[in-house]
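Please open the model in your viewer and keep the selection tool at hand.

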Amino acid sequence: MLAQPAIVRVIRNTPDRILIAAIFLTVAACSPAPSDEGADAISQEVTAEGRKGPLTTLHRGNVAEPDTLDPHKMSTVYENVIGRDIFCAVADYTPDGKIAPACAESWEISEDGLTYIFHLREGLVWSDGVPVTAADYVAGLRRVMDPATATEQAAILDMIKNAEAITRGDMPVSQLGARVIDDLTFEVVLSRPSPSYIYLAAGPRAAPLPRHVFAKYGDDWVRPDNIISNGAFLLEDWRPHDFVHVIKNPDFYDADKVKLENVYYYPTEDYNAAVKRFRAGELDLNTQLPTQQVDMLREILPGAVHIVPGLTITYIIVNHEKEEFKDVRVRRALSMAIDRQAITDKVMRMGETPAGGVVPGAVARYTAPKVDFMAWDMDRRRAEAIRLLAEAGYGPDNPLTFEYRIRATADGKRHAIAITSMWEKIGVKAEILGTEIKVHYADLQESNFWAADAGWQSLDNPEDFLYLARTEAGPQNYGNYSSARFDGLMNKALQIADITKRNDLMAEAEAVLLEEQGIIPLYFGTNRNLVATYVKGYADNGNNTHPSRYMWIDFEGEGAAIANAE
């Protein structure tokens, strides 16, 4: 049975940073027993009067504080949640996670899969009454690719013709493969076939740009006192570290079907505190829930716990610019020492599966390779890891020592303690440093770390997971991994239209990535949400996309059981 540090000492050295120093006392469990706080509480039906706010207001727990509300600069899932609500792209996700027309009523795709022609709906307007035109959508795409915008995930749309040359600064943005045909029609030309493109066209990065407002304010166009938008909701207020408040947009093309008048999004990095707010009727739904409370929550909140397989991976990146991690033997040793089965079964315990690769097994039409040592028992893996470290010059007299950065959530701390304990068994000393999620990812994008955890949620396409390791991924390739073999195979695969041949070549590329341990995979995750049963229009889906415009509050049917904590 896995041993772990039993006591964790928390030292706060800045408001954003939490240094976690483990005092190593061996216990026979991998994590504390699930909390039964409130387990004996009486379950009661939530009444309309018992929850916070009017029935036309939805309160959403949304993981973390957004760094921006600029759709073309959004880079996190929790920013995209808000972005999809306040901006309308050509397509959108339905409640069950499928793609459907949004501000484009239709589109056509050429036989070779390289040309898309989008037809906008008539009568679209910005929230200031100015018409939305095809030129606004083209301007939005150009802004994403403009190096001056510094979009962190610009490379995810590099299938658009000339996008790569533009982001490198080798070509003007006017040469992007996107052009206006008329006020309601525009064309996007790709440089290679991409099954992902239409899904990406449904995200905030493909939102139109209000050119008249941008011309006046530049990047400040998204400040609360300047911003206009074209989505189902409009920004009303943003109080940092408190909430983002949006109100219904009466000029939205489908406004008659939007039942909510207000939506509040709250940063809920403290999962335990979020559960208390949910039980008190202050949150109607919350993304994420604490592992140690899941059994209790299922018992006292029947129907509110939603855990389904997701297209997500949690992984470790090492900074390839650090001398220690340039050695593949060191990277393989660190990866070998991690007992992923113990982490999923004893630490996480919510349906996660050990990751022997980077692309989730749930991705369709893809045979994912696994790193070679996944089939070995842990004794063999630890022995080989110690041997590799010794070859690289590390041992009892010269232990490998580094700082391990984590997202300071309850889950992040739990698996970090387990992982560093596993590394200790091969003589590695890793000091855990936790930061709030927003700070964590900002540091990763600046390569301000030695080793760190990260998570990624993407599409049903291997390209969108392997993207993380491409040299062209820029800041999203946090560890600055760069492999000519991997990039060569990926670039070749991206030019192939036949899905089977394309994916086979991507599998070869992934095998190279795993051989070199450019990324250290940990586990494939689940989508975990708390949703009150009075919230209607919500549906579980693998993408974990839940636009607010489809939801409403209804107490006429089944009520929501919530524990009386008193």
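Helices here are DSSP runs of H or I with at least four residues, numbered from the N terminus. This is a predicted model, in which local features need pLDDT of at least 70 and side-chain atom pairs count only at pLDDT 80 or more, while totals for chains, interfaces and linings use all residues. Residues are numbered from 1 along each chain as its sequence is written, and side-chain values use heavy atoms, without hydrogens and water.

Now select the buried residues of α14 (residues 484–494), namely Phe486, Asp487, Met490, Ala493 and Leu494, where buried means under 20% relative accessible area. They lie on the same side of α14 because they cover an arc of only 130° around the axis, taken from the directions from the helix axis to the C-beta atoms. Among the elements that cover them are α13 (463–466) and α15 (499–516).

Next, show α15 together with α8 (residues 328–336): the two pack at an angle of about 90°, with their axes 8 Å apart. The axes are lines fitted to C-alpha atoms over the stretch in contact, with angles from 0 to 180 degrees between N-to-C directions. The two helices, α8 and α15, are therefore roughly perpendicular, a term for angles of 65 to 115 degrees. Their contact (heavy atoms within 4.5 Å) is made by Val328, Arg331 and Arg332 of α8 with Leu514, Glu515 and Glu516 of α15.

Terms used:
Buried < 20%, exposed > 50% of the residue type's maximum accessible area, 1.4 Å probe, protein only. Parallel < 35°, antiparallel > 145°, perpendicular 65-115°, else oblique.
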